[in-house]
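Here is a walk through the model shown below, going from the whole chain down to single residues and back out to the partner chain. Keep the viewer open as you read.

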Amino acid sequence: MDGMKRFTGLLREDLKRKLGMIAAAWYSMGMLCLVFSMKATVPTGEVRSLYVGPGNTSFFAVMVLFGILMGADAFRFLRSESETDLYFGLPFTRPQLFAAGWANNLLIFAVPFTVCRLLFFQISLAMGYSRYEESILSVWMGCLVPILGFLFMMGLAMLAYLLAQNTGCRIGLLALFLLGPAVGMRLVERLLEMMAPSFYRSEVLEIMKEYLSPLSLLLRATGVQEYADGSCWLLQEHLSYILVLEGAAVFLSVMCLVIFCIRPAERTNRMFTFRSAEYLVRYVCLVLAALWLVKGLQVFALGGFSTALAGIAVLFGVPVLHGLLNMVLAFDARKFVSAKWHLLMEFCVMLLLLVVFSALGSRGGRMPAVEEIESAAVVLPALASGGDREQALSRMKIEGDGLADTYVWIQEVCGKKSDADDFYDILVKYNLKNGRTAYYKCQLPADALDGFDDIYRQEAYKKGTYDILCLDSVKYYEIHWTNGMEQYTLDLNEQERQALWEAYCKDLDRMTFAELRAEAPIGQLTFASTKNQGDVSGYIYPGFSKTLAILSHYGIHAGKKISDYEITEIVVARYMMQDGLLYNVRYLAAQDTVREPEKIMELSKTLAIEEFCVDEQLYLKDRNTEYMVSYRDSTGQTVRRVKCWKRI
Amino acid sequence: MIEICNVTKRFGKFVCLDQVSLEIPDGMVYGLVGENGAGKSTLLRLIAGVYRADAGEIRIDGRRASAVAAKQEVFYMPDRQYYDRNATPLTVGSFYRNFYAGFSMEDYRGLLEMFELEENALLDSFSKGMKKQVFIAAALCTNTRYLLCDEVFDGLDPQIRRVVNDLLLGAAEGRKLTILIVSHYLEELNKICGHKGYLHRGRILTEPEWQELL
């Protein structure tokens, strides 16, 4: 009989066995297609075409679910001896049997997925939800990327199925494949943070986190996270992830084929098909659990790293984890004390790992020489009004004389011995001339904080820190103003908006660090995008004369303080802190209501709106007292309340 | 010809077959006897290409047992046959027709009729012996040159056993079908097998060695 005819027969018989899965695939994808074709589920705006792209969360969930289910179900005949006898006894080689199961699974998923997505696209075109030209790439990528993702997930599930011998073990192994890399790298990061106080982040680790963690890779290749944020799906932003995903899918498929071919058909009483797989799982689980224990026990070191605690974790943790793993792997409680050679090896592996971490930690603490640096970025996380720190680090480029001054200042203050009670973290990123990047975290004593003004005044620092300074154009924005007690949307044309923005930028550029610490913001300007490109906001300080003048010109008294409003009462709540071993407990100790006009006037002059006190760590304030101010709004009809803090 | 050369098969530390060698010429009906756990079924699975030998080699017509060309000439009938929950004798026939070029649906239907089996009834509704008959019919109709039967008489009544004996012998004589039967039914094997082997502790004994052991 012709080989192709026989193989077609095998495909047909395999498909018959998977009729349930075929029905489930068509039903679920058909339903998703119908659900997304309904107007109610598609929001208005420019991002509607994203629903047909790879970033669709529902289609992503279907891809993951079917990948796992079909991977686990691909070789059902391995479950029982009689089925194995039947299929392995048929005139096919093992690669042929594998190819039939693999190809059928791909067909079962890819055909309904592609058909339903294209149908959904046609419906969305017909109903005017999408435009053909701007969506067609998204649509094709929306078919291709999830199919690659499906193959990747199926490969992982297949691998777990082929390597383990029972359902519980297979589920555990799949969980290890999916979560293990991310957990491992997170632990590595945490340990490096503990062992090297100057460690902030490592580019290599960040790349590994993105590409080696299966879920992270899938999320980034499809762009589900960005989709949730509403930004547009761009191929160039996802291409590297898609290529890695493709490579991983191919690699997993080949690996599954090899394992399927060499895997013995007979069942054993072990948890894993191969000894090597058992050893791998044993050591990976032990290392992850022991590192977690090392990290967990450091909580008693109160912020530092204690070698003694790490030693205790290894000395007591490794034997206990070894015993537990013995029990799980043999499914026998009596095996707790066994495999003594492994115990010895596990001790060695753990000690080796801690030595490696220690070496990496000390290496990570070495700062490059100033000649090696091309540009620098500095972030003071306590300056929360500066926005996202990661964005600031990637955007800021301090160069030239500013770089030399910054470098010298950081060298001076970092690790400087001080009697100060408070310390502030400083994050530093050096872009080196050799193309590499170095990150550091320094501890800045509170008494040296004034010296930060030299960095704060630099244009490059402010441009990197404040999003509002980076706006290219205010054409597609509308401006909202608020002082926490009232708010307005300004009806301005583009020139007026531009003038207000430029005035604000000048004010912000002139502001010093000392002014920022001395005065709390008195208002906020928000530039809200009308094109779903994200809103940008900035605080208004009392010294922002140009901004206040323009706002005043438009009838907004932005300089109005709390004490200028008609305050009916102020509720003062005092809290007490009780120190615990690990956590401090905060409880309400007393509550007063101030109603006398003189006292209200006196108190209100010292209050600041809590909503605007985002830089609270940078100035002194009474942290244990909260003030709830009740005031009449400008109409005088409504009493509103606002939460305030008192600055010392 | 089936050639088994120094085949060893281990399950963990247990040596199931220890350097077993055997030659079964074409057209021979060979019976393999042995106590429980002697490795009879394992030997059949090795010949059928289901298991892989840890050492040694199995060749069918000079080809490796796991090669497709060799497997096309072998039909393996295990002790417990797998079938789909909704399978009927007819779907079993259709299943094997996909994979064996020589499968004759006409002969298969004829045998089902001879065994008085309803071809559209669910296999699940059949007794153990009736299911066996379905698979014996399928095995004979694939028209392969080698037939490996594990406990083929198990569950069959004496009358059907005689019919099966006749069918197997007829096929062996008529179209030179080589049959390897593994069974506990020594009397049945004596009736149809030209040669017999005795598996004991992983080795094949000769008849005098076996008698001595008994």
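Let's settle one term before anything else: two residues are in contact if their C-beta atoms, placed from the backbone, lie within 7 Å. What you're looking at is a predicted model, where local features need pLDDT of at least 70 and side-chain atom pairs count only at pLDDT 80 or more, while totals for chains, interfaces and linings use all residues. Residues are numbered from 1 along each chain as its sequence is written, with chains lettered from A and ligands numbered from 1 in the order in which they are written.

Start with chain A as a whole. Its C-alpha trace spans about 100 × 70 × 55 Å along the principal axes. You'll find 22 helices and 12 strands in chain A, where helices (H or I, at least four residues) and strands (E, at least two) are DSSP runs, numbered from the N terminus. Of the 648 residues in chain A, 35% are buried. Buried here means that 20 or more other C-beta atoms lie within 10 Å of a residue's own; exposed means 12 or fewer, and partly exposed is in between, with C-beta atoms placed from the backbone. Among the contacts in chain A with a separation of 6 or more, 73% join residues 24 or more positions apart.

Chain A is divided into domain 1 (3–194 + 201–269), domain 2 (281–364), domain 3 (370–465), domain 4 (470–553) and domain 5 (562–646). Those bounds come from an automatic or database domain assignment. If you take centres over C-alpha atoms, domain 1 and domain 4 of chain A are separated by 47 Å.

Now to a sheet. Three strands of chain A make an open sheet in the order β1-β2-β3, with antiparallel pairing. Since β1 and β3 of chain A stand at the edges, each has a single partner strand, so one side of each is left without a neighbour in the sheet. From one strand to the next, the twist averages 25°. Helix α16 (residues 400–413) of chain A packs on this sheet and touches β1, β2 and β3 of chain A; its direction makes about 60° with that of β1(A). For such angles, axes are lines fitted to C-alpha atoms, for helices over the stretch in contact, and the angles run from 0 to 180 degrees between N-to-C directions.

Zoom in on the pairing, which requires that DSSP finds at least two bridges between two strands. β1 (residues 373–379) and β2 (residues 423–432) of chain A run antiparallel over six bridges, and V379(A) stands opposite L427(A) in β2(A). β2(A) also pairs in the antiparallel sense with β3 (residues 437–445) of chain A, over nine bridges; there, N431(A) has T437(A) in β3(A) as its bridge partner. β2(A) and β3(A) form a hairpin with four residues between them, and G435(A) in the turn has a positive phi of about 90°.

Two valines are worth a stop. Is V536(A) buried or exposed? V536(A) counts as buried because there are 20 C-beta neighbours inside 10 Å. This residue lies in strand β7 (residues 536–540) of chain A, and, leaving aside neighbours within four places in sequence, V536(A) is in contact with D467(A), I468(A), L471(A) and F527(A). V115(A), found in helix α5 (residues 94–126) of chain A, is partly exposed, with 15 other C-beta atoms within 10 Å.

What about the nonpolar cores? Each is a set of buried Ala, Val, Leu, Ile, Met, Phe, Trp, Tyr and Cys residues joined through C-beta atoms within 7 Å. In the largest, with 134 residues, F152(A), L148(B), I179(B) and I181(B) touch the most other members. Helix α6 (residues 132–163) of chain A gives the most to this core, with 18 residues. Leaving aside neighbours within four places in sequence, I181(B) is in contact with V29(B), G31(B), L32(B), C149(B), V152(B), L189(B) and C193(B). Apart from that core lies another, of 52 residues, among them A310(A), L321(A), Y407(A) and F452(A).

Finally, look at where the chains meet: the contact takes 21 residues from chain A and 20 residues from chain B. On the chain A side, α1 (3–17) and α4 (81–89) each supply at least two residues, and α4(A) gives the largest share, seven residues.
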